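Hi everyone, thanks for making time this morning. Let's look at the model together, and please keep it open while I talk.

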Amino acid sequence: MKDIPNDKVRNFIFENRWIILASIFFIIWKFFLIGVLWNDRNIPPEPDDAYIYIGNINSVAQCDKILCNYPYISLKNYTGYTYLSYRVFFGLISKISRIDPTTIFYLSFYFGILILLPVLIYFLKSLTRNKNIIALSIFFLSLYNGSGAYHGFFWVVPSFFSVLLFMLIFSTLMQNIKHWKLIFLILLPIFIYMHPSSIFSLTAFIIFFIIYSYLEKKMDKTILKKIIFLLLIASISYSLPALFIDKNPLGVKNTIESIVQKKQSIKSITSVVPVSTTTKEEEKKITTIPKLKNDEIFPGLKSITKNYLRWIFPHYILIAPFILTIFMLIFYKEIKLISLYLSLFLFVLFSSLNIYGSRSLAFIWPITFILYSFGFWHSIEFINKHIKNKVISRLIKIIAYASVSFFIIINILYSFLWNQYTNNRNDIHIDKNFSRYLLDNGEKNDQFIYLEKVLFSYSLSTPLINRIHTEIPDSAKYLVALDTQSNASGQVANIDKFYGIISKVLKRERKNIQLPQKKEIPANFKLDKEFESIKIYINTLKYTQ
């Protein structure tokens, strides 16, 4: 009897050995990349964004209650709801543990990866019961890193957790779970207020149901019922704060209004006056109607093309593996995965109507890696079962394994070089005394202007969060600037060389990475105080020292 538990453990390990091995690699590799990203830095990587998230954590950690109103993170406007779930969760951890927000932000990277892994396994089980495919998909997903345009797995911030929650919601949608309503009631409000893109991504579930029903040639009433319920809960969750807050520039209403205005402007430009009523002057105007550019109609398309389509199809020859992958998924009836991928692809295309449309790539990129892992597995399976000629079978396998090896090497190199590049850029030393100087020498209603975003972001983690900043130099008493250029040139060369080699192989032209230019100090500001790399200037037109 004592051996039974041990037998069960041994059997479990044996049956899931590939999933366990892939999971171990996933954790080790992702933790290594986090180490590369954070290694030996004075401040967090990507500080202009990082300090925004740290400031959100700090707004809860320093609040007497759970939530407080500050000028720039306030429940009175959309800023208080943009990353609400993220800041409450990690803010409470910081408050309870008394660990400073910057350290919490750092630890959240490891925490995020640790909870991502079981979510991925749960998500993959909603797509297939084949444990070997699940293991291979985990391995492929360990290679997925992301970039600054849409984040991804390397940047564990609200968008990361939004994708994680999307996967949990999809898994609940597709699996037979008794208390699915309770799960949706908990997950959906958290999901909606994790990141602004969350509410838009729900359209993918509607598209998914349409495509899935069409391919299955039947309508699953249970899935339809779940989708209606989740849309209802999401709508209520999203709409309630709208009764109390100002206009949200990142919200649904503003997005729809901008699309409608764009459509109206297109109509006004392309409208034609009837020929019978036109004069010669009007005819001349009609013939010189300006053509609208794609950037004007689809402002997000350029970034989507650059950060997705050109990576999937970097050369016309590489369209073949994608077509082969889709063929294999169709042949082996992977209807769920095909439907999910197509629904997210259409969602991404719809997102191009918004200037921030490339943020939707955070949802489709992991599914793309899963798509290729399924396609590769089924390709080998197809070769083994349907190609009887051993020479041809062996040759095709060699090509398949060589292609996947190239895919693995490219993604490993990219992940390491990207994190290394991110680690080495904008690594400045911020003297904390500068914020105390501004507070001591400025009145309550004095306004400050920060020349670089990173300084404004940093201020959110200090008592300066209660002070007003402005974009208008003449209104500010103090101007705060960094006396430094990005020191990323060494690592730019590394990743630039990587891009250069790839571009040369593919015979494509590319632009080198450009370093940011230093901003000019307005003439009416004079140097008042220096704090190492930070310089504080005073407005000489309105204030004297």
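In which sense do β1 and β3 pair, and over how many bridges? They pair in the parallel sense, over three bridges. By pairing I mean that DSSP finds at least two bridges between two strands. Strands here are DSSP runs of E of at least two residues, and helices are runs of H or I of at least four, numbered from the N terminus.

A word on the source before going on: this is a predicted model, where local features need pLDDT of at least 70 and side-chain atom pairs count only at pLDDT 80 or more, while totals for chains, interfaces and linings use all residues. Residues are numbered from 1 along each chain as its sequence is written, and side-chain values use heavy atoms, with hydrogens and water left out.

Now the whole sheet. It is open, with five strands in the order β2-β1-β3-β5-β4 and mixed pairing. β2 (468-469) and β4 (525-531) sit at the edges with a single partner strand each, so one side of each has no neighbour in the sheet.

Let's walk across it. Strand β1, residues 447-450, pairs with β2 in the parallel sense over two bridges, and Gln447 has Ile468 of β2 as its bridge partner. On the way to β3, Ile449 stands opposite Leu479. Leu479 also stands opposite Tyr537 in β5. β3 and β5 (residues 534-539) run antiparallel, joined by five bridges.

How enclosed is β3, residues 478-482? Five of its five residues are buried, so the strand is largely enclosed by the rest of the structure. Buried means under 20% relative accessible area, with exposed over 50% and partly exposed in between, using a 1.4 Å probe and protein chains only. Tyr478, Val480 and Leu482 point one way from β3, and Leu479 and Ala481 the other way.

Last, a helix pair. Helix α10 (residues 203-216) and helix α17 (residues 335-351) have axes that come within 8 Å and cross at roughly 140 degrees. Those axes are lines fitted to C-alpha atoms over the stretch in contact (heavy atoms within 4.5 Å), with angles from 0 to 180 degrees between N-to-C directions. Residues meeting there include Ile207 and Phe208 in α10, and Leu342 and Phe347 in α17.
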